[in-house]
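Dear colleague,

I am handing over the structure below, and my notes on what was found in it follow directly after it. Please read them with the model open beside you.

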Amino acid sequence: MSESKKDYFKNGTSVPVHVGVIMDGNGRWAKKRGMPRKYGHREGAKTFRAITRYAKEMGIKYITFYAFSTENWQRPADEVKSIMDLFEKYLDEVRDFVDENIRVRFIGDRSKLNPRLQDKMHRVEEDSKDFDSMTLILAINYGGRDEITHAVKEIAKSVESGQLSPEDITQELIQSRLYTGGIPDVDLIIRPSGEQRLSNFLIWQSAYAEYYFTNILWPDFSKKDLENAVLAYSERNRRFGGV
Ligand code: IPE
Ligand code: IPE
Ligand code: MG
């Protein structure tokens, strides 16, 4: 890992441990070309695969991609269907990552997804659980508020059953009950497409994240853009409330 890092960054560059990516701008990318939105999603999925590989080469240990939000169900049914079909197709291809020693995890409420998709998600997680070159996290039917609500319900059940008392509820406990339990907080959030908002992505985990915004639309996002984001991150002075 440190070998390949040298190819990209000069000594002293601080590479974020956990990068979050809001894959935005697929629809506008397609519209600019007079194509249907689903064509943009297809191109965006290709970018996702390429960027995953570059992230590993750069020495990033965790990368989370926001693929479908709890709010995205509001889109027209045919667009939702084409995105879900793409997931299924790409889950078969995500298997290639398993061969590259990449661990795959999913965050979000999967109970609303097609059972066949859920089954594939479960299998790829199981098959890759011992891999450690990088962890790839896919946020599907994910919403930060939904995640916190889910964690609170779980904790309330534990209190109700007497396993926990209210005094046991600490930040660490809440964190461990999130979908991202065991994954470190996100260090850098990248959002392409010109929008400058979180849109319900990792709202607990991003309390001290750095942000990188660019006008590039996701299907055009390149290795160079990822490098630029990491270099910008490396220049930041993170204080975490200290001096
Ligand atoms: C992001 O691209 C992909 C998903 C939200 C699934 P968009 O579909 O939001 O693209 P724009 O923002 O309309 O261009
Ligand atoms: C955020 O993008 C969700 C994903 C990229 C999956 P949206 O396009 O849904 O966000 P808004 O609607 O612009 O805030
Ligand atoms: Mg969008």
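How do the residues of the shell around ligand 2 divide into nonpolar, polar and charged? There are five nonpolar, two polar and four charged residues, where Ala, Val, Leu, Ile, Met, Phe, Trp, Tyr, Cys and Pro count as nonpolar, Asp, Glu, Lys and Arg as charged, and the others, Gly among them, as polar.

This is a predicted model, in which local features need pLDDT of at least 70 and side-chain atom pairs count only at pLDDT 80 or more, while totals for chains, interfaces and linings use all residues. Residues are numbered from 1 along each chain as its sequence is written, chains are lettered from A and ligands numbered from 1 in the order in which they are written, and side-chain values use heavy atoms, with hydrogens and water left out.

Strand 2 (residues 62–69) gives the most to this shell, with three residues; strands are DSSP runs of E with at least two residues, helices runs of H or I with at least four, both numbered from the N terminus.

Oxygen atoms of ligand 2 lie 3.2 Å from a side-chain N or O atom of aspartate 24, 3.3 Å from one of arginine 75, and 2.6 Å from a polar side-chain atom of serine 199.

Serine 199 is placed in the loop between strand 5 (188–191) and strand 6 (210–213), and has a positive phi of about 50 degrees although it is not a glycine. Because its relative accessibility is 30%, serine 199 counts as partly exposed (between 20% and 50% relative accessible area, with a 1.4 Å probe and protein chains only).

Best regards

Note on methods: Polar contact = N/O pair within 3.5 Å; in protein donor to acceptor, adjacent residues only side chain to side chain.
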